[in-house]
Amino acid sequence: MALYQEQNIKVYNSISGEKENFKTLVDGYVGMYVCGPTVYSNVHLGNVRTFMSFDMVFRYLKHLGYKVRFVRNITDAGHLENDADVGEDRIAKKARLEQIEPMEVVQRYTVDFHNILNKFNFLPPSIEPTATGHIIEQIEIIKTIIDKGLAYEVNGSVYFDVLKYNETKPYGILSKRNVEDLIHNTRVLDGQSDKKNPQDFALWKKAEPQHIMRWPSPWSDGFPGWHLECTAMSTKYLGEQFDIHGGGMDLKFPHHECEIAQAEACNGHNPVSYWMHANMLIMNGKKMAKSTGNYILPNEIFSGDNQHITKAYSPSVARFFMLQAHYRSILDFTNNGLLASEKGFNRLLDGINSITDLKAGNKSTIDIAAWRQKCYDAMNDDFNSPILIANLFEGVKYINQIKEGSATISASDLELLQNTMTVFTFDILGLTNITKADNSSDKLEGAVDLLINLRQEARANKDFALSDKIRDELAASGIQLKDGKEGTTFTTN
Ligand SMILES: [Zn+2]
């Protein structure tokens with residue numbers, strides 16, 4: 001019997017607003033689609049948190065024995081600066097400003113995205129399709145929606161007719177909006193738009209002459225609307241209906257609402273069984289976002305080179321910090337939070353790494369099987385990683401009790417304890433055992449501090465040749481010294 005047949009997961013479904021029993025469309029298989037990044041800038045920590053939530057979901061479903069096809073796209077065209085289908089394409093704008101090809105922008109930031117996710121120990125998705133690789137599929141969907149009478153062409157652009165659609169299917173069911181409110185709240189466009197109604201959204205946009213990213217279509221040389229790519233790629237790789245669709249909370253409207261409308265218009269049914277939305281990471285009380293400048297980059301956390309933190313943190317500590325909050329809760333990014341997570345994470349690893357020193361006795365005074373099920377129960381309850389982590393600390397408590405002799409454990413329970421601790425910490429939460437690396441970074445710190453002191457002595461003796469030599473040779477081996485008011489500090493790359 002597969003594990004998923006023994007464990008009953010409940011998933012909070014954004015569309016019903018309730019935790020529901022998780023039942024897949026095909027027994028033993030999960031189709032999961034997550035909206036990926038728009039690759040026009042470095043991925044910031046808020047983005048990472050969203051993707052990490054679904055990495056954890058992917059890992060847990062795989063652990064339970066499901067065959068998971070996980071599709072996470074790369075948006076490399078069509079995402080305009082403004083949700084109301086106006087403004088420049090984000091990638092084309094970056095390319096224009098830097099005077100490079102749009103595909104150079106895409107390549108640079110796709111590589112950055114993968115590098116960062118690798119540092120955080122993400123599992124790669126099963127398929128990572130791109131919008132530009134699926135222009136033909138998107139054009140076919142537009143043709144179908146036009147044939148169904150739910151889209152119209154004006155001056156080479158094609159728009160989805162929200163009011164017409166709403167006559168038979170409710171538009172706004174995911175974000176709990178109704179069309180009347182939308183009409184009321186939508187700013188009337190100043191005569192610039194070809195849309196019949198401001199709440200209609202673009203399926204195809206005719207490209208202005210200066211727009212470099214363009215493809216031929218029956219309507220004009222242009223580019224697809226942003227919402228369409230996800231419908232095209234999820235349908236192609238997961239079918240007209242699939243199990244899980246995930247993304248950040250901010251994508252509920254309009255992006256996911258438009259995906260539902262497109263799929264309903266095309267295929268006649270809601271494409272997704274469970275809509276999952278990950279909550280925001282905030283800093284200084286505000287959402288972390290590129291557009292407002294209120295963000296921190298992962299590499300700044302790893303180097304300590306950012307005004308919001310006092311030191312460098314490893315990717316696993318940052319990962320642990322984020323998983324200590326439930327994916328549907330807002331998480332406040334603070335240096336104190338990271339410091340506490342670092343302590344906690346080291347305590348967890350110390351516990352796990354000392355299990356091999358434990359001696360088994362004749363019988364157990366602790367119910368390891370019941371505790372193990374509590375770990376599953378936490379994950380079964382809408383992937384509640386903070387409760388799971390609390391249970392793992394309960395496991396550390398047992399380890400210490402056995403070590404001190406206040407509890408005993410049988411050989412088979414000891415094996416179960418070790419297996420449960422390592423499976424949940426490393427396989428499911430995706431953390432890495434960095435104790436050894438940690439020790440070596442302590443040693444490195446000691447050695448560099450010694451060199452910093454020698455350099456200071458050299459400078460005091462006006463031996464600048466020696467002080468420069470120390471600085472330059474450290475830099476050559478990837479260690480940068482920084483002279484500040486408080487003395488000299490260093491960062492590594
Ligand atoms: Zn999407």
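Trainee: Where is serine 126 found?

Mentor: Serine 126 sits in the loop that links α4 (102-119) to α5 (135-147). Please keep in mind that this is a predicted model.

Trainee: Is serine 126 exposed, partly exposed or buried, and how many other C-beta atoms lie within 10 Å?

Mentor: The general idea is to count neighbours: 20 or more other C-beta atoms within 10 Å make a residue buried, and 12 or fewer make it exposed. Serine 126 has 15 other C-beta atoms within 10 Å, so it is partly exposed.

Trainee: Which residues does serine 126 touch, leaving out those up to four places away in sequence?

Mentor: Its contacts are Arg69, Phe70 and Val71. Take phenylalanine 70: 56 residues separate it from serine 126 in sequence, yet the C-alpha to C-alpha distance is 5.0 Å.

Trainee: How far apart in sequence and in space are lysine 343 and glutamine 7?

Mentor: Lysine 343 and glutamine 7 are 336 residues apart in sequence, and their C-alpha atoms are 32 Å apart. Lysine 343 belongs to helix α12 (residues 335-353). With 11 other C-beta atoms within 10 Å, lysine 343 is exposed.

Trainee: Let's turn to the backbone. Which residues does the cis peptide bond join?

Mentor: Omega is the angle to read here. Phenylalanine 253 and proline 254 are joined by a cis peptide bond, with omega at about 0 degrees. Proline 254 has its place in helix α9.

Trainee: And phi? What is the phi of glutamine 99?

Mentor: Glutamine 99 is not a glycine, but its phi is positive, at about 55 degrees. This residue is in the loop between α3 (90-98) and α4. Glutamine 99 has 7 C-beta neighbours inside 10 Å, so it counts as exposed. Asparagine 121 also is not a glycine and has a positive phi, of about 65 degrees. You will find asparagine 121 in the loop between α4 and α5. Because asparagine 121 has 16 C-beta neighbours inside 10 Å, it counts as partly exposed.

Trainee: Now strands. In which sense do β9 and β10 pair, parallel or antiparallel?

Mentor: Look at the bridges between them. Strand β9 (residues 242-248) pairs with β10 in the parallel sense, over 6 bridges. As an example to pick out on screen, glycine 247 stands opposite histidine 277 in β10. Between these strands comes a helix: β9, helix α9 (residues 252-267) and β10 form a right-handed β-α-β unit.

Trainee: What is the order of the 3 strands in the open sheet?

Mentor: The order is β12-β11-β13, with mixed pairing. The edges are β12 (286-287) and β13 (331-332); each has a single partner strand, so one side of each has no neighbour in the sheet. Strand β11 (residues 281-283) runs antiparallel to β12, and 2 bridges join them. In one of those pairs, isoleucine 282 is partnered by lysine 287 of β12.

Trainee: Which domains does the assignment give for the protein chain?

Mentor: The domain assignment gives domain 1 (3-278), domain 2 (282-428) and domain 3 (438-492). Domain 1 and domain 2 have C-alpha centres 32 Å apart. Their contact takes 26 residues from domain 1 and 25 residues from domain 2.

Trainee: Which elements give two or more residues to the side of domain 1 that touches domain 2?

Mentor: They are β1 (10-13), α2 (45-63) and α4. Helix α2 supplies the largest share of that side, 11 residues.

Trainee: Last topic, the core. Which residues have the most contacts inside the largest nonpolar core?

Mentor: Those are Ile142, Ile145, Ala151, Phe160 and Leu203, in a core of 121 residues. Helix α2 gives the most to this core, with 10 residues. At least three residues of the core come from each of domain 1 (3-278) and domain 2 (282-428).

Trainee: And what is phenylalanine 160 in contact with, leaving aside neighbours within four places in sequence?

Mentor: Phenylalanine 160 is in contact with Ile145, Leu150, Ala151, Asp200, Phe201, Leu203, Ala261 and Gln262.

Note on methods: Residues numbered from 1 in each chain as written. Predicted model: local features only at pLDDT ≥ 70, side-chain atom pairs only at ≥ 80, totals over all residues. Pairing = 2+ DSSP bridges. Helix = DSSP H or I, 4+ residues; strand = E, 2+ residues; numbered from the N terminus. Right-handed = clockwise from strand over helix to strand, strands pointing away. Contact = placed C-beta atoms within 7 Å. Domains from an automatic or database assignment. Core = buried A, V, L, I, M, F, W, Y, C linked by C-beta atoms within 7 Å.
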